[in-house]
Amino acid sequence: QTTGANGTCPVCFNCNARGCANFGECRSGACFCPDGFGDSDCSLATCGSLLAPADKRPVRAAGATCTCDGGFTGPNCNVCTNNDVCTKMPGRLVGTTYICNNGTKVWRTNHHTACTVKNPTLAGLFPGFTQLSMKRDLIAGSTIASLWYLNDPQFTCNITQCEQSWSSAATTWSCKDVSCKCNAGTKFCGGGGILDLTNSINTAKGMLNIVCDESTPTCNVAFEFLSGILPQGIALDECKFGECVDETASPLSGDSGQNVKTINTFGYVGLGFAGAAIAALLISLLIGCVQQRRHMHAPLLTEKPGVAISFKDVSYSIGQNVILSDISGEVPAGTMLAIMGPSGAGKSSLIDILAGKRKSGKIKGSIVVGDNMPLSSLRGISGFVDQEDVFQPTMTVREVIEFSAALRLPESITVVERRQRVQNVLDELGLSHIAESRVGDSLARGISGGEKRRLSIGVELVTNPSVLFLDEPTSGLDSYNAIQVMETLAGLAHKSGRTVVFSIHQPRSDVFARFDQILLLSKGSVVFFGASKHAAAHFADRGLPCPEGYNLADHLIDVATKHPDDARADTSSTAHSSDESRELRRRNLSESAQTLRDGSGAAMVASAVVEKSSPDNQVTVITETPAQPAAVSSTDLSARPRLATSFLTQLSTLLRRSRRHFWRKPGLFFAHTAIALVLGVFMGGLYWKSDSSLGGIQNRLGSIFFIQSLIGFSSLSAISTFTHEKLLFMRERSNGYYGAGPFFISKLLFDIVPLRIIPGIILTTIPFFMIGYTSGVDYYLRYMAIMVVFAGNCGLFCLAIGCAISEYGTAVLVASISLLFQMLFAGLLVNQVQITPALRWLQYLSFFKYAFEAVAVNDASGLRFVDQISGVEIGVAASVVLGKFGIDMDGYWRDFTISVGLFLALTTIVCLLVTFKLRERR
Ligand SMILES: Nc1ncnc2c1ncn2[C@@H]1O[C@H](COP(=O)(O)OP(=O)(O)OP(=O)(O)O)[C@@H](O)[C@H]1O
């Protein structure tokens, strides 16, 4: 009943219902077996040789041995051993010489291999003689492989999508699609062996890799589905290869052939990214150099003296709240206008609007600058001194002014000239004796409040502005310092011809005496505008005389607070003031010109001579160019100041300042580094030399996860680092020091690198060796590469949150919760495969996931866990266990590429946030 193969007994066996064993083909109910298999269902081996037709080959009884025809060998006599037998092969072509190809390389369609299996794990589970046979077909890219135990075929696999590659030493045969069938009742397949592999074998899939050594008859076969119990593959010894083939058929020559892949597509994408980034960097550098050269050789602009400013019907409202209504006035060049009023009157708002600051509300009205200059140019020729002094506390007074000079004076000015200007400003403001003192802050005391005020004026003065706006320049100063500051301003206006506009709350009488004009505001409306010397008479005329011995400035504030309507200026008084303004301007200019002719004054005064040497022209401008106010919108007023220097100069100056700050305040860096050292050693000690038992998985994955968590949480400090510098950045940017780009790069280099990446390298390197992760230069480099990118991502993520959320507490809360959620999806706390499908996508948002997987894969790819099950030593490839966690063992390069992509995306986000979110809006 069981004899007769290949259709000779269709009656007694019908494969339509039962199928054929060992991948025999069922045609019309009869099995057609692969070479070397017979019986009605192809379940038994055949002996003889390939010389006989398949159905004539003798079938071998189960457990018996074969006697092969001469010239053939192997468990089922398929491997030719000499050329002679091949000349007799059935179906050969006449006139063609056939030989037996005994090499490891497959030439055509009929390459047979027979080897003895040498594997201790397999031998432990299945003691006795085990063999592997294969038939490989290069043209079809297919393989039929059978495992023989004690001479019986245990299972056979049909393998497709095979490719061959080779080097001078070895031939590799790689296949992508494996499918196997167990021969029921055999030892491997439930027939009494220690393990029943039926289920594993019948559901087998994945890849197959066979590497055969050309010089020794050995191979290694790695079935992906067996990698759990045979992680190193199956070592094959005493291999015999035979393929009867046309002697001219060899398509192979040379020491190596076909594409041998060493890095997968994601690796190439990653390298492509890196290459593109380097190219972009080099191109940017080149463009930067060209731009810098142009700036350095640009002709020096002629410096302008003060310019007149007139404003008409300026109104400002925030929503329904009217802050200023219909404010008009005029400030002639070379004069000082004091904007006075009680607290909340709108002084700062008016100063901001005149100075062209970005305001959050709606502005109406018109402002005319000088000889109808475009409004946008006002910011290029004016300086603004804010109410609050904001400096880098670690800088000295000289460095602060030098920083302003380096970024706001044209690059074509020589270094000597620039230094001289800085020195002139220090001298003029009486700051020379503290030039080398640190500015300090509330924690580390530095210069006094008055000195800080003068320093704020100095950083503006060094640019030699035509117009100087100051918001409360004397607030917080004692009377001596207040008068000193006021003297300086008066000197700037009267001697240097600058136009000075400032707000002041309640000046002393000697300070008040120095004002040329005052604009008194009450609740956003003008109470008085005119020469300060006429103020007393004006109010007396309206029945509000200044009491004897009373400070006039105090009296004006009282009136503006208590009787604004009685005191309000009428049209005639304003006209009167306007006539006086012109007279005042004419007088001041001729005085100024006189002063200059006397040769007195500092360098900046001398430079003003250039344009003042034609006083007639100036007078004509004053008297004959009536203010033709053009209506302005808030957009006009907030036009960006033109940056005086090139990108590279901004960057190098900022880097110099950051470097200085870094070394003068290295506490944070040393704290991060010391913590990284201590934690690194602690982690190394805790997980010291984790072994390769199954329990080792817990330690290895746990340590990777915890190291990354440490990096993540120590990045939270990036939020505060940024918060502290936000105000300084916004102020300097608004005053035209530099753009957002150079600031961002300097931040990146002096925050991300020393505070995130360097401690990150320390924290990860120590445990790498102490814990005993899979070592080797390539393993370490891959590990470091992903960790560095990961540390950068954590830092950038926290920077982005610090930028986006201004409230520090909220920013820390949001950042820590986001980090915790990212950690949740790293791959350790939740099984990636078993996450609820609706929430599975969340894992892809976690940069912890990519870093965790990449490091785990890197460690596990060279690792084999060994443990005992029922007293039998079982080696399990770490990849199998990690696969159960949902970790993709081929994922390193993909994870690395995605991490680099995230780094670039986060960099872009932070850059955009810095550019658009960190803008001064008052
Ligand atoms: N951005 C803003 N949002 C809401 N209200 C504002 C804003 N800016 C100014 N104000 C309101 O406008 C009014 C004028 O403010 P402003 O700062 O100009 O007054 P000030 O005269 O300079 O006051 P102080 O002398 O106290 O500095 C105040 O009532 C203030 O509360």
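Helix α8 passes helix α10 in a right-handed crossing, and in this predicted model the axes of the two helices, α8 covering residues 397-408 and α10 covering residues 449-461, come within 8 Å and cross at roughly 30°. Angles under 35 degrees count as roughly parallel, and α8 and α10 are therefore roughly parallel to each other.

**Contact of α8 with α10**
- On the α8 side the contact is made by Val-397, Val-400, Ile-401 and Ser-404, which meet Leu-455, Gly-458 and Val-459 in α10.
- Sorted by class, the residues of this contact between α8 and α10 comprise five nonpolar and two polar ones, with no charged residue among them.

**Contact of α22 with α24**
- The axes of helix α22, which spans residues 694-714, and helix α24, which spans residues 740-772, come within 10 Å and cross at roughly 165°.
- Since angles over 145 degrees count as roughly antiparallel, α22 and α24 are therefore roughly antiparallel to each other, and the crossing in which α22 passes α24 is right-handed.
- From α22, the residues Ser-703, Ile-707, Leu-710 and Ile-711 meet Gly-760, Leu-763, Thr-764, Pro-767 and Ile-771 in α24.
- Six nonpolar and three polar residues make up the contact of α22 with α24, and no charged residue takes part in this contact.

**Contact of α25 with α26**
- Helix α25, at residues 777-804, and helix α26, at residues 808-824, have axes that come within 9 Å and cross at roughly 145°, and the crossing of α25 and α26 is right-handed.
- Here Cys-798, Ile-801 and Gly-802 in α25 meet Ala-811, Val-814 and Ala-815 in α26.
- The residues of the contact of α25 with α26 are five nonpolar and one polar, again with no charged residue.

- An open sheet of three strands is arranged in the order β17-β16-β19, and its pairing is antiparallel.
- Its edge strands are β17, at residues 321-331, and β19, at residues 362-369, each of which pairs on one side only.
- When direction is ignored, neighbouring strands of this sheet are turned by 5° against each other on average.
- Strand β16, at residues 309-318, is joined to β19 by seven bridges, and these two strands run antiparallel; Tyr-316 stands opposite Ile-363 in β19.
- Helix α6, at residues 347-355, packs on the sheet and touches β16, β17 and β19, while the direction of α6 makes about 120° with that of β16.

**Confidence of the prediction**
- The mean pLDDT of the protein is 80, and 84% of its residues reach 70 or more.
- Within the protein, confidence is highest in strand β6, at residues 79-80, with a mean of 94, and lowest in helix α18, at residues 615-624, with a mean of 27.
- Residues 259-263 have a pLDDT below 50, and beyond near neighbours in sequence this stretch has four contacts in the model.
- Residues 571-578 likewise stay under 50 in pLDDT, and for these residues the model has nine contacts beyond four places in sequence.
- For the model as a whole, the scores are an ipTM of 0.96 and a pTM of 0.61.

Definitions and conventions: Residues are numbered from 1 along each chain as its sequence is written. This is a predicted model: local features need pLDDT of at least 70, side-chain atom pairs count only at pLDDT 80 or more; totals for chains, interfaces and linings use all residues. pLDDT is the predictor's confidence in each residue, from 0 to 100. Helices (H or I, at least four residues) and strands (E, at least two) are DSSP runs, numbered from the N terminus. Two residues are in contact if their C-beta atoms, placed from the backbone, lie within 7 Å. Two strands pair if DSSP finds at least two bridges between them. Axes are lines fitted to C-alpha atoms, for helices over the stretch in contact, and angles run from 0 to 180 degrees between N-to-C directions. A crossing is left-handed if the near helix is turned anticlockwise from the far one by less than a right angle, and right-handed if clockwise. Ala, Val, Leu, Ile, Met, Phe, Trp, Tyr, Cys and Pro count as nonpolar, Asp, Glu, Lys and Arg as charged, and the others, Gly among them, as polar. Angles under 35 degrees count as roughly parallel, over 145 as roughly antiparallel, 65 to 115 as roughly perpendicular and the rest as oblique.
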